[in-house]
Amino acid sequence: MANPATSPRGIAALHVDKLGLLVALLTGWGLGGASFATFRANRIVQGSAVEFWNALPSSLALAAMLGIVAAAAAGALGRSHLLRLASGLAGLIVVLLLIGTAAGYLTSEGDKLARVSPAAGFWLLVIAFALLIIDALSRLSVKPLVRLVILAAFYLVFGLGLAAGLWDDLSLLKEYSTRAASFWAEGRNHLVLAMGSMAAAILAGIPIGLVCYALPATRSAILNILNTIQTIPSMAMFTLLIAPLGWIATNIPGASELGIRGIGTAPAFVALFLYSLLPVVANTVAGLAGVPHNVRDAARGTGMTAWQRLARVDFPLALPTILTGIRIVLVQNIGLVTIAALIGGGGYGVFVFQGLGQMATDLVLLGALPTVLLAVSAAVVLDAVIEAASSPGAQGKAE
Amino acid sequence: MKRLPALLRILAFVCLLAFLISPTSFAPLLSMAAQGNGPVIYERQSLWVLALQHLGIVFAATIVASAIAVAMAIFVTRRSGTELLPLARSVVNIGQTFPPVAVLALAVPATGFGVVPTFLALFLYAMLPIFENTLTGLSTLPRDVQEAAKGVGMTGTQRLFSVELPLCLPLILAGIRVAVVISLSTATIGSTVAAPTLGEVIIAGLQSNNFAYVLQGAVVVAMMAVLIHDALYALERRLSAIRSA
């Protein structure tokens, strides 16, 4: 779709497009209309809203406001995508630095109980600058591999900021510091569950996919069953598996020694495995079905056996499609592991549900933000893998 | 062989209705799952009411989300909105990597506990597949059809309502089906933020170690989801069949 012609109204250099308008609105609302932070005297009392002006020393607040307005204006009025990217990044960094500074400013020296959390104004500013960055990246049509580099740079900068203690006065980091050990342990649980069940689903799903492809009679039955499994709501699936696994643990010798219990990781693992099968199987079938006939004929002509053809021709050509299925599985699993916390399976859901139970917003964030970050990172990493697998170099041998 | 799935569905639907209308007549069956002499049927709230509230939240969120998502997809495919198209595509792609539970959990700080955060999370998440599918439909319309519509002198609005949208309808419906399935699941989890849904029964069972509760809540939710998914899928196929006939 072609871009519309330049606006007939106004001076070309000052042309404000719809994104610019949106960014201007969000910035104005974030700075003027909504509170920047929430202050609470301790963890459980009702918080009070703090305006941007009062969240920072007044000279800094003035400078910061000018800086944010300048970044938003450059982004809103700028016509080059690189300028938009730069102003989005600059604005985002300023806003992130400010929330850390505000937390330190609002907490009096030595006050260990006070809690400062980001409020609506902060999130609106983050959204405004994130939109500028996303728009610029999508218009520059940044390749997945480059996005991977950007992600790595983000982790580096973010990690350095955390190590330097920029956000130590924020309530979120205070929640973290009281449970740092369990944060990393649950993170490990989260990843092990998500990736372990994915690995099991790949090992089982690709052969099932091959069977579906080779025997069309079985295809619709198997895919229908897997489809129905996907439809079952996650909380129902996780909890329905408690009884069967409990039965296995008590009645099958050796099962409980393997760590199988009615509650905990075992039902979570099985539930995730069942959900993961459909994308793997369906994409294996689709990938194999997409192998061109002439390629297959040529392979047959060179006298390759059926297994050789599968291993050297069909499978490599189907790989990008299969990887797309694996990407769906990993992103989906990282989200679903959260539910495992309800049945004692661990993972970041532990913090989410504890936080919901205690009405402690920052504890909810401590569970939800890493989950979102993991899911987005998994998508970026696997997109890069898919790109590498479907590049002409990777398929040159087969074609 | 072909009748079997349809027969199973009717049977499942009848069982579901029977259970919701008179749960106590299933008590002997469920008592096997209960611990000792604990209660067998959830009684704090009638299952019937919970099921209706569950469906109510899901359908309200889906209807609002469909209206807004389709309108947005129409907007970004018109001349005046094309400059937002790349952004909208990327936001939807990124949004779909956000786990629904995280969206639900993040809605709580913004709106408090209860139906509101659940509705908000369902609504936001439901927009993504519907918007994506509508956009795909509107941007992959056969060129000759569009040319023909222009050729007979239809205005832009006429083309939109009598040619483009009807052609996209099966795809839009597929998006709605995906949204409804995700919403039914997320609404169940909504009971952890105090929304009145069938998840309440499951949570009560987990907390009191009463597997009979878990079983009835989970089976009712699962059957509802499967039946609704199948019904929407059948509707979709019926529409495509009419189209291609």
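In what order do the elements of chain B run from the N terminus on? They run α-α-α-α-α-α-α-α-α-α, and the secondary structure of chain B comes to 10 helices and 0 strands. The model is predicted. Taken along the principal axes, the C-alpha atoms of chain B fill a box of roughly 75 × 50 × 25 Å.

**Annotated spans**

An unreviewed UniProt entry gives chain B the annotation "domain: ABC transmembrane type-1" over residues 51-232. In the model this span is 83% helix and 0% strand, and its end C-alpha atoms lie 19 Å apart. For chain A, an unreviewed UniProt entry places the annotation "domain: ABC transmembrane type-1" at residues 187-382. That stretch of chain A is 83% helix and 0% strand, with 20 Å between its end C-alpha atoms.

UniProt (unreviewed entry) also lists the feature "transmembrane region" in chain B, at residues 57-77, 98-128, 160-180 and 213-235. Residues 57-77 of chain B are 100% helix and 0% strand, and the end C-alpha atoms of this span are 30 Å apart. Over residues 98-128 of chain B, the chain is 84% helix and 0% strand, and 11 Å separates the end C-alpha atoms.

**Helix packing**

Two packed helices are described by the angle between their axes and the distance between the axes.

| Helix pair | Axis distance | Angle |
|---|---|---|
| α9(B) and α10(B) | within 7 Å | roughly 160° |
| α8(A) and α9(A) | 5 Å | about 130° |
| α9(A) and α12(A) | within 8 Å | roughly 145° |

In chain B, helix α9 covers residues 199-207 and helix α10 covers residues 211-244; their axes cross at roughly 160°. The angle makes α9(B) roughly antiparallel to α10(B). The crossing in which α9(B) passes α10(B) is left-handed. From α9(B), the contact uses B:Val201, B:Ile202, B:Ala204, B:Gly205 and B:Leu206, and from α10(B) it uses B:Tyr213, B:Val214, B:Gln216, B:Gly217 and B:Ala218. By type, the residues of this contact are 7 nonpolar, 3 polar and no charged.

In chain A, helix α8 (residues 180-214) packs against helix α9 (residues 216-231) at an angle of about 130°. That angle makes α8(A) oblique to α9(A). A:Ile208, A:Val211, A:Cys212, A:Tyr213 and A:Ala214 of α8(A) meet A:Pro216, A:Thr218, A:Arg219 and A:Ile222 of α9(A). The contact of α8(A) with α9(A) divides into 7 nonpolar, 1 polar and 1 charged.

Helix α9(A) also packs against helix α12(A), which covers residues 265-289. This crossing, too, is described as left-handed. The α9(A) side of the contact consists of A:Arg219, A:Leu223, A:Leu226, A:Asn227, A:Ile229 and A:Gln230, while α12(A) contributes residues including A:Leu274, A:Tyr275, A:Leu277 and A:Leu278. In the contact of α9(A) with α12(A), 11 residues are nonpolar, 2 polar and 1 charged.

**Interface between the chains**

The size of an interface is often given as the accessible area lost when the parts come together. How much area is buried between chain A and chain B? The value is about 3,700 Å², of which carbon and sulfur atoms give 81%. Chain A brings 46 residues to the contact and chain B brings 45 residues. A:Lys18, A:Thr231 and A:Met235 supply 17% of the area that chain A buries against chain B, more than any other three residues.

Methods:
Residues numbered from 1 in each chain as written. Chains lettered and ligands numbered in written order. Predicted model: local features only at pLDDT ≥ 70, side-chain atom pairs only at ≥ 80, totals over all residues. Heavy atoms only, no water. Axes fitted to C-alpha atoms, helices over the stretch in contact; angles between N-to-C directions. Helix = DSSP H or I, 4+ residues; strand = E, 2+ residues; numbered from the N terminus. Parallel < 35°, antiparallel > 145°, perpendicular 65-115°, else oblique. Left-handed = near helix turned anticlockwise from the far one by under 90°. Contact = heavy atoms within 4.5 Å. Nonpolar A, V, L, I, M, F, W, Y, C, P; charged D, E, K, R; others polar. UniProt positions renumbered as here; feature names shortened; annotations may be inferred. Buried area = accessible area lost by both parts, 1.4 Å probe.
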